[in-house]
Amino acid sequence: MKIQRDYPTLTVTKKGEAALKGGHPWVYDAEIVSGESDDIANGSLVDVVSGRGSYLGTGFYSRQSKIRVRVLSGNANDRFDGAFFERRVRYAVDYRRTVMGDDFDCCRLIFGESDGLPGLTVDKFGDVLVTQVLSFGMDAVKGTVFAALRKVLGEYGVPVRGIFERNDVAIRRLEGLDEYKGWYDPDGEGHPDSTVTEIVENGIRYTVDFENGQKTGFFLDQKYNRREVARIARGKRVLDCFTHTGSFALNAAYGGAEHVTAVDISAAAVEMARHNASLNGLDERMDFLQADVFDLLPRLEKEHHGYDFVILDPPAFTKSRRTVDSATRGYKEINYRAMKMLPRGGYLATCSCSHFMRNDLFVKMLHSAASDAGVQLKQVEVRQQACDHPVLWNVPETDYLKFYIFQII
C-alpha cells in the first residue's frame with residue numbers, strides 16, 4: 001500500500017522489510033537504503049517503506065542509535081495523537097488488571113515494545129509510578145503518555161500520587177538523551193515527600209527505595225518464581241545467592257524453610273535484606289552474609305554446610321552478544337559449584353535474566369555443569385518472567401528470563 005504523509009520516508013533493505021513484516025519493531029542503521037538526511041530531527045516520526053514503496057510502518061527516528069527506527073504502528077490509518085497513546089496505555093492497564101488480579105497493586109504497568117510503547121518502562125508501586133524512558137521519540141511524548149496513565153488509572157479508582165523518573169542510565173546517551181532522576185511534576189500537581197515506599201508481594205512486605213535501588217527499585221519479574229520457591233522451601237535449609245533485597249530468601253523463610261542464609265557482595269543489599277526480614281518478623285530464621293558468591297560456593301563445597309536448597313539469581317552476566325562466552329563460563333561456575341555442594345535429593349533454583357543468554361545456551365550450560373559435577377538433574381519447574389512482563393513472540397528481546405528448579409540426583 002502506498003501512502004501520502006507529511007512524515008519523512010525511509011526505504012529499507014529486504015532484510016529490514018522481512019523483519020518488519022515478521023512483527024519485529026526495530027529498523028537498524030545498516031537496513032536503511034535511502035531517505036536519511038540532516039533534516040530529519042532526532043525523535044521525529046518517519047514512515048518506513050520497502051524498496052517497492054510499500055508501507056511497512058511508522059515509528060520514532062533516532063539519529064545516533066544503531067536502532068534507527070522504533071516502529072509504533074504498521075497501520076497506515078493511525079494518527080499519532082493523544083488518543084493514540086491513551087489507547088495504548090489503556091490496553092496495557094486493562095491487560096495487567098486482567099492477568100494480575102490482586103497483584104495489580106505492584107506490577108510492571110508498561111513493558112516497552114510488548115505494549116507498543118517502545119523504550120518506555122513503567123513500574124507501579126502502589127500509588128507511585130516509576131518510569132524509565134530509553135528512546136528519544138518516547139521522551140518527546142512522555143508528557144502525553146504520563147497524562148494518559150493518570151487518566152486511565154483514575155477511571156479505575158486508582159490514584160497516582162507521583163511519577164518518578166529513573167532516567168539515570170547510560171543507554172540514554174546512545175539516543176542523545178541526558179541522564180537524570182527525579183519527580184516528574186511539570187504542572188505542580190505535587191508528589192510524595194519521600195522516594196522510599198513500602199510494597200507487599202506474595203504476602204511479604206518490602207521497603208523499596210525507587211530513587212537509589214537498582215533499575216526502578218525492585219525486580220517485579222520474579223514474583224511468581226519466588227512464590228514457587230516458597231512452596232519448595234518448607235522444612236529446608238536454604239542458601240540464597242545474589243539476594244539483592246532478599247526477595248527469594250524472604251519467600252523461602254515465609255514458606256516455612258527451617259533456616260535461610262541470604263548472600264550478596266553488596267553491603268547495602270545485605271543491610272536492605274536484613275531490614276526486610278525484620279519488617280516481616282522473619283529474622284530469627286535467617287542470617288545474612290556479605291560475600292562474593294564465586295568465592296563462597298567453593299568454600300562451602302568443602303565444609304559441612306547443611307544446605308539442601310540453593311538459589312542462584314545472579315545479575316545479568318552479559319549485556320551484549322560479544323560477552324556471551326565469558327558469561328557462560330560465569331553461569332557454569334556457580335551452577336557447577338552449587339550442584340557439587342548439594343546433597344543427593346537437594347534442590348537447585350537457577351536463572352538468567354539476560355536475553356543474550358538464550359534458553360538453548362542456558363540449557364547447554366546446565367547440562368555441562370551437571371556432567372562435570374557428576375550429577376543428574378530432575379526437572380521440577382521451568383518458568384519465565386511474570387505475566388506483567390509479557391513476551392511478544394516476534395520480539396525475542398522480550399523473552400529474557402529463564403528460571404529452572406531441579407532436584408539433584
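This is a predicted model: local features need pLDDT of at least 70, side-chain atom pairs count only at pLDDT 80 or more; totals for chains, interfaces and linings use all residues.
Take α8 and α9 to begin with. Helix α8 covers residues 324–341 and helix α9 covers residues 359–373; their axes come within 9 Å and cross at roughly 40°. On the α8 side, the contact is made by V324, T328, Y331, K332, N335, Y336, M339 and K340. Helix α9 answers with L361, F362, M365, L366, S368, A369, A370, D372 and A373. Sorted by type, the residues of the α8 and α9 contact come out as eleven nonpolar, three polar and three charged.

Now for α2 and α3, which run over residues 82–100 and 136–155. Here the axes come within 9 Å and the crossing angle is roughly 50°, so α2 and α3 are oblique to each other. The crossing of α2 and α3 is right-handed. Helix α2 brings G82, F85, E86, V89, R90 and V93 to the contact, and these meet V141, T144, V145, A148, L149, K151, V152, L153 and E155 of α3. The tally for the contact of α2 with α3 is nine nonpolar, two polar and four charged residues.

Key
Residues are numbered from 1 along each chain as its sequence is written. Side-chain values use heavy atoms; hydrogens and water are left out. Axes are lines fitted to C-alpha atoms, for helices over the stretch in contact, and angles run from 0 to 180 degrees between N-to-C directions. Helices (H or I, at least four residues) and strands (E, at least two) are DSSP runs, numbered from the N terminus. Angles under 35 degrees count as roughly parallel, over 145 as roughly antiparallel, 65 to 115 as roughly perpendicular and the rest as oblique. A crossing is left-handed if the near helix is turned anticlockwise from the far one by less than a right angle, and right-handed if clockwise. Contact means heavy atoms within 4.5 Å. Ala, Val, Leu, Ile, Met, Phe, Trp, Tyr, Cys and Pro count as nonpolar, Asp, Glu, Lys and Arg as charged, and the others, Gly among them, as polar.
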